[in-house]
Amino acid sequence: MALLKIRNITKIFGGLIALRDVSFDVNQSEILGLIGPNGAGKSTLFNIISGFHAADKGKILFKDDEITGLRIDQIARKGIGRIFQEPTLFMQETVFENVFSGFHRHYRQPGWKAFLHMPGANHEDAASRKKALEMLEFMDLSALKDELAANLPHGHQRALALAIALATGPELLLLDEPVTGMNPGETQVMAEKIRQIRSQGVTVLIVEHDMKAVMSLCDRIVVLSLGAKLVEGTPEKIKSDERVIEAYLGRQAV
Amino acid sequence: MLVNALTIGSIYILMVLGLDIILRGTKILNFAHGQLYMLGAYVLFLFFQTLHWNFALSLVLSGAVLALVGALSYLGVFAILSRRFTVSTTLSYRLLLSAMASVGLMMILQQGTLLAFGTQERGIQSPFPQVIDILDIRISVMRILIIFLSVLVCLLLYLLMYKTPFGRVLRAVSYDPEAVTLQGVNTFWIFVTCFALGSALAGLAGGIIAPLFSVTPAMGQNVIFLSFLVLLVGGIGSYRGTIAGGLLIGLLLSFGFQFLGGVAELFVFMLVILILVFRPGGILGEATE
Amino acid sequence: MKLPNNVALKSRKKQIAVAIAIAVLVVLPLCIESDYIKHLLIMSCVGTILAMTFSMLYSSGLISLGAAAFYAVGAYTSTVLVMNTGLSFWLALPLTILVAAVLSLGFGAIFVRHAGVAFVIISLLFAQVVVIAAGQAEFLGGWGGIIGIPRPDPLGPVEFASKNSFYYLALAILLLVVLVFNALYSSRIGRAWRAIKLSPNLAGTLGINAYRYRLVSFVAGSTAAALSGSFYAHYAQTITPGAFGGWLSIYIQLYAVLGGLEFYIIGPVIGAVVMTFVPEYLRVLKEVEPIITGILLLIIILFFPDGILGSIKNSSSAGLDRFKSGMGGIKAWITQNR
């Protein structure tokens, strides 16, 4: 069952065609990798899915609901979470506060009740705090919970970003280069976490440059080159596909 | 009257282009910009009226001196401020602090000039007092000169920004300062240049308008409010918008005062609100990547 | 768990401190003879509320120069209600709040969409326009303003004839605003504001609608400013458009920054008190005053941007480091790029 359907997405920046008629599906509970040489349009596609950019043509369906053109927060509330390429955290907050804020979208009590600090709202706050601690536990960040996000080393910051995104309780998770810049040890750990997340029922779409990670982690892979979809298939198929090799090598030659 | 509108519009165009260059390059909203305009007028007064130097030279000086003042103000104030900012400093914090620093600068320049020169208005003998008749309309040559100069400056700026490598760097900095740094360009001096250039424009605007209106320390204050308005309406980061906005303001002001008197400003504001509702225009918003 | 600066009253120590502070504030006027000082205290209260308005908008990432606008709106609305329709001050007050809330909702809905620089300009323009509108409108007294605004009607046995009673009224209003603001800051609304301010992009991906939350902060802040304006009108008994324009918006910002930007409630208190009292004791010529203020502003921004409270918080080695980094900045650009 296709959770996310991307149909004929085209995006033009100035004179540059960033994405050209891209279409593919992301199936429920799969880990789909999105790869391609630099400039292929991967991050642009992410930005379009999560609402940071508007597509010029095409549409995107999430659980058969059209989400093209929705605001960032609306898309988030539909159940799509994402992490960014650059470390995007609440730098001046503690690790705990960061994750805690991730549970924001689950609040059911209306705002005015929160303002009046009524029991219902207080109860929700307490429940969220508990869940935040559990999330920290899951991501192995409990020891750092009172540390400022800005003070964390790179690998931990990435883990924190993932924790925050998970806190929103997404059905689809967009990971933008989750292991780039990590050493093999950290990469292994992150990959394991991603598998665990998938086994909890979350569908994952990953953009990555680290080929080893992509090949071992992903069920299927979609290759973009110069804004267009080149080929999609299983890792084995992709690894040996001539066009893919060409795209990467061709790029390097240039 | 149309000429009057164009004249006023031209001045605002120069002013706001300067403001825009500074803002886009350094992300600093320079509240002292009006004072730079005022100082430009005083420079012209000093050299042309008092020392009787050549008008053209004095005008160039009003731009050049202010370029220096602008560069110094960046070096002395904003550069120091920028040292504090790290990657994680929020945009609102940067904006607030740099804006407030510029406000402090504004106050110092304003009152300093007042103390140095006194509150009396200074008049400047117009170097071109002639008036010509076109189609039964009497137009002062001075005003035509202003419009002409403004057009010239716009063209020069356009050439600078879009046709030279320097201009490319300047534009790149307004999009992504970090990327530019990575390419080996020293953004520090780019910022200084932005300030110098923007300030020069303000000084020039002040210098060229000085013969038409009197020179007082309060000039800056009068002009900054509408300059901001033009910046807003024209869209921050759109040169074409700035030009359009300047012209619009020129039109509104000259016609507005004819018909509405004091309420003109209110009217303008209402118009601005309408524009804001329907066309947000170029905004330096934070919420989009 | 680390609490942000503004979540008060959770710990015993804090509760006791607040209780003592309130007690001191209540007893204060009884220990002071000088009416002049009491006047300064009252104006400090007014200034504090205005600075808190600024801080509230800042807390959600909006930099507003428009607190003065609603200050004026509140003053004029209350005046008109009392003088033209004969309402009692005590009825006019809640009505003023209502009017302010509605107006700030309406204007805010348009303004808040434009964050960052655009909003700074919009709020500045708005403040200017309100002043001009008040000046142009004859029924609002024009540029001469309105004089002879009546004092509040006696509330039971309390007559508003002395400074003391005005002081208590100002204090009561201030405490009300503090209570409301604190309730907001410590709720998930306040947390959403913090998220929006620190990273609007990240906040968006968490399902936070920045526009909506910013609108709330705009309405809440503006309404508080109007409240203090209403008080001011009936205290000073004279209002002129000029009192709300000019440097006021800038001073409001200065109060907040001087106290400490990250302290949304106590910061404004400190800043307003210092800026209200200190200039009175440093009698300087009117012409020189803006220069001194300008220099002061620059010094604060460049060397002590965390304000008084912030600097204290960072004190010991860290505070000194901050000062050094300011000096270091100067040294750096001298030695750099040669």
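The model is predicted, and it scores ipTM 0.89 and pTM 0.88. For chain C the average pLDDT is 84, and 88% of the residues score at least 70. Over residues 1-9 of chain C the pLDDT is below 50, and this stretch has 20 contacts in the model beyond near neighbours in sequence. Among the elements of chain C, confidence is highest in helix H9 (residues 210-236), with a mean of 94. Confidence is lowest in helix H14 (residues 317-335) of chain C, where the mean is 60.

Chain C contains 14 helices and two strands. Of its 338 residues, 53% are buried. Taking the contacts in chain C between residues at least 6 apart in sequence, 76% join residues at least 24 apart.

Helix H11 (residues 266-281) of chain C can be followed in more detail. This helix has 16 residues, so at 1.5 Å a residue it should span 22 Å; the C-alpha atoms at its ends are 23 Å apart, which agrees. The buried residues in H11(C) include the run from C:Gly267 through C:Pro268, C:Val269, C:Ile270, C:Gly271 and C:Ala272 to C:Val273. C:Met275 and C:Thr276 in H11(C) are buried too.

Next come the contacts between chains. Where chain B meets chain C, the contact takes 53 residues from chain B and 48 residues from chain C. On the chain B side, at least two residues each come from helix H3 (55-84), helix H4 (91-117), helix H8 (187-209), helix H9 (219-234) and helix H11 (264-278) of chain B. H4(B) gives the most to this side, with 18 residues. By residue type, the side of chain B that touches chain C divides into 39 nonpolar, nine polar and five charged residues.

Chain C also touches chain A: 20 residues of chain C are in contact with 28 residues of chain A. The elements of chain C that give two or more residues to this side are helix H6 (163-185), helix H7 (188-198) and helix H8 (200-205). H7(C) gives the most, with six residues. The side of chain C that touches chain A has 10 nonpolar, seven polar and three charged residues.

In chain A, four strands form an open sheet in the order E2-E1-E4-E5, with antiparallel pairing. Strand E2 (16-27) and strand E5 (65-66) of chain A are the edge strands, each pairing on one side only. Strand E1 (residues 2-13) and strand E4 (residues 57-62) of chain A pair over five bridges. A:Leu4 stands opposite A:Phe62 in E4(A).

A parallel pairing also occurs in chain A: strand E6 (residues 80-83) and strand E7 (residues 172-176) of chain A pair in the parallel sense over four bridges. In this pairing, A:Ile83 stands opposite A:Leu175 in E7(A). In a regular strand the side chains alternate between the two faces of the sheet. In E6(A), A:Ile80 and A:Arg82 point one way, whereas A:Gly81 and A:Ile83 point the other way. Are these four residues of E6(A) buried or exposed? A:Ile80, A:Gly81, A:Arg82 and A:Ile83 are all buried.

Key: Residues numbered from 1 in each chain as written. Chains lettered and ligands numbered in written order. Predicted model: local features only at pLDDT ≥ 70, side-chain atom pairs only at ≥ 80, totals over all residues. pLDDT = per-residue confidence, 0-100. Contact = placed C-beta atoms within 7 Å. Nonpolar A, V, L, I, M, F, W, Y, C, P; charged D, E, K, R; others polar. Pairing = 2+ DSSP bridges. Buried ≥ 20, exposed ≤ 12 C-beta atoms within 10 Å, placed from the backbone. Expected span 1.5 Å × (residues − 1).
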